[in-house]
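Colleague: Before I rely on the words used for this structure, I would like to hear what stands behind each of them. Could we go through them one by one?

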Amino acid sequence: MLLRLRVSLPDRPGGLGQVAKALGTLGADILQVTVLERETGRAVDDFTVSWPGQVTPAEARERLSAVPGLRVEGVWTTKEVPGSALDYDLLSHVVAEPGRGLATLVDALPGLCGAEWSLAVADGAVRHASLAAPDTFELPAPPPRAVAVDARELRLMLLPVLDHDMHLVVARAAEGPVFHRAEIERAVRIVDVVAKLAARTTA
């Protein structure tokens with residue numbers, strides 16, 4: 001089983017090694033580590049791990065919480081295989097068929113963002129939805145810039161596409177953490193490139 005784990009730990013030498021040792025003791029194989037921030041004496045890192053057998057996010061969280069100084073911010077299943085070039089694959093598809101650029105982006109965002117589903121909303125209606133996305137979605141007051149929203153049952157990222165009068169919604173299961181600003185910044189860059197490519201077909 002592939003899991004993503006977001007942890008906060010003291011930013012000092014040996015901190016990552018301590019987490020790696022704990023994961024190894026639990027039988028998890030670390031496939032990728034992504035550093036999200038290093039501030040105020042703590043570090044926030046994402047680990048993608050292969051966990052033997054079936055383990056629930058709650059079980060993984062409980063086992064890791066025993067590490068001194070470690071805070072588990074989220075544990076959730078993922079389909080993103082480390083080493084895959086999803087960003088480049090997406091842009092290749094958009095360049096080949098820019099007229100479907102935004103629809104292609106919506107389909108790709110769950111994999112790019114470690115999320116469950118995504119959709120595009122315009123004029124109060126869902127214009128395109130990925131697999132597992134709802135048929136309807138009531139967008140809160142549309143934000144002028146990308147933001148993370150901690151809903152009761154979902155973690156949401158709202159991404160305005162102003163040139164297209166549209167908002168993209170990316171949803172992560174509640175077991176995962178709120179979208180980090182590094183994740184939002186990455187998504188904004190990708191959306192900007194895709195939106196510009198798609199705009200060329202309507203110019």
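Modeller: Let us begin with a turn: in the hairpin of strand 5 and strand 6, two residues lie between the strands, and Asp123 there takes a positive phi near 55 degrees. Residues are numbered from 1 along each chain as its sequence is written. The model is a predicted one, in which local features need pLDDT of at least 70 and side-chain atom pairs count only at pLDDT 80 or more, while totals for chains, interfaces and linings use all residues, and side-chain values use heavy atoms, with hydrogens and water left out.

Colleague: What makes strand 5 and strand 6 a pair?

Modeller: Two strands pair if DSSP finds at least two bridges between them, and strand 5 and strand 6, which run antiparallel, are joined by four. In strand 6, Ala129 is the bridge partner of Leu119. Strands themselves are DSSP runs of E with at least two residues, and helices are runs of H or I with at least four, numbered from the N terminus.

Colleague: How do you know that strand 5 and strand 9 pair?

Modeller: Five bridges link strand 5 (residues 117-122) to strand 9 in the antiparallel sense, and the rule asks for at least two, so the pair qualifies. Ala120 has Leu168 of strand 9 as its bridge partner, and Leu119 has Val169 of that strand.

Colleague: Why is strand 5 called largely enclosed?

Modeller: Buried means under 20% relative accessible area, exposed over 50% and partly exposed in between, with a 1.4 Å probe and protein chains only. Six of the six residues of strand 5 are buried, so the rest of the structure largely encloses the strand. Trp117, Leu119 and Val121 point one way, whereas Ser118, Ala120 and Ala122 point the other way, and all are buried.

Colleague: What makes strand 6 and strand 7 edge strands?

Modeller: The open sheet of five strands has the order 6-5-9-8-7 with antiparallel pairing, and strand 6 (125-129) and strand 7 are its edges, each pairing on one side only.

Colleague: Why does Thr104 count as buried?

Modeller: Thr104, in helix 4 (residues 101-113), has 14% relative accessibility and therefore counts as buried. Contact means heavy atoms within 4.5 Å, and, leaving aside residues up to four places away in sequence, Thr104 touches Leu90, His93 and Val94.

Colleague: How do you know that the span of helix 5 is close to the expected one?

Modeller: The expected span is 1.5 Å times one less than the number of residues. Helix 5 (residues 181-200) has 20 residues and reaches 29 Å from its first C-alpha to its last, close to the 28 Å expected.

Colleague: Why are the buried residues of helix 5 said to line one face?

Modeller: Seen down the axis, the buried residues of helix 5 fall within an arc of 160 degrees, so they line one face of the helix; the arc is that of the directions from the helix axis to the C-beta atoms. Among these buried residues are Ile184, Ile190, Val194 and Leu197. Turned away from the buried side is a face with the exposed residues Arg189, Lys196 and Arg200.

Colleague: What covers the buried residues of helix 5?

Modeller: The cover includes strand 1 (2-10), helix 3 (86-96), helix 4, strand 7 (147-150), strand 8 (154-161) and strand 9 (166-173).
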